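The following exercises concern a predicted model.

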Amino acid sequence: RSAVPELDVTAILALNGDAATGGSVYAAQPCATCHALNGRGGAVGPTMESVLAKSDRAALIRNMISPISPVMPPAAQLGLSEQDVADIAAYLDRLR
């Protein structure tokens, strides 16, 4: 089994994320299984509105890379690249 690559917060923050692409990547991932967004999705984790209200862009990215919750899979484990994370962050930023 190969090692999961580590993603770098600083590198991701330097990337230009694309919100439209990020919306597609977000929808293809299990995020909404646990985090409701606009009243749709799971209730295992906090709503995305709640997360966005208390997390700046860097904190959001850090939590995608190295989640606070042991239940949430890290972005790299899901096969997401640094660009994918930047795109998801841009999408979520648009929802603020």
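**Exercise 1.** Classify C34 as buried, partly exposed or exposed from its relative accessibility, and do likewise for C31. Then determine how many disulfides the model contains.

*Solution.* Step 1: the relative accessibility of C34 is 22%. Since buried requires under 20% and exposed requires over 50%, a residue in between is partly exposed; C34 therefore counts as partly exposed. Step 2: C31 has a relative accessible area of 22%, so C31 is partly exposed. Step 3: a disulfide requires two cysteine sulfur atoms within 2.5 Å. The disulfide count under this criterion is zero. For C31, the nearest cysteine sulfur belongs to C34 and is 9.1 Å away, and C31 is in no disulfide. For C34, the nearest cysteine sulfur is that of C31, at 9.1 Å, and C34 is likewise in no disulfide.

**Exercise 2.** Locate H35, decide whether H35 is buried or exposed, and describe its surroundings.

*Solution.* Step 1: H35 is situated in the loop that lies between α3 (31–34) and α4 (48–54). Step 2: the relative accessibility of H35 is 14%, so H35 counts as buried. Step 3: leaving aside residues up to four places away in sequence, H35 is in contact with Y26, R40, G42, G45, P46, M48 and M72. Step 4: a polar side-chain atom of H35 is 2.7 Å from the backbone oxygen of P46.

**Exercise 3.** Which residues of the largest nonpolar core touch the most other members, and which element gives the most to this core?

*Solution.* Step 1: the largest nonpolar core has 22 residues, of which I61, V85 and L92 touch the most other members. Step 2: two or more residues of this core come from each of α1 (9–14), α2 (19–28), α4, α5 (57–65) and α6 (82–94). Step 3: α6 gives the most, with six residues. Step 4: for L92, the contacts beyond four places in sequence are Y26, M48, L52 and L60.

Definitions and conventions. Residues numbered from 1 in each chain as written. Predicted model: local features only at pLDDT ≥ 70, side-chain atom pairs only at ≥ 80, totals over all residues. Heavy atoms only, no water. Helix = DSSP H or I, 4+ residues; strand = E, 2+ residues; numbered from the N terminus. Buried < 20%, exposed > 50% of the residue type's maximum accessible area, 1.4 Å probe, protein only. Polar contact = N/O pair within 3.5 Å; in protein donor to acceptor, adjacent residues only side chain to side chain. Contact = heavy atoms within 4.5 Å. Core = buried A, V, L, I, M, F, W, Y, C linked by side-chain atoms within 4.5 Å.
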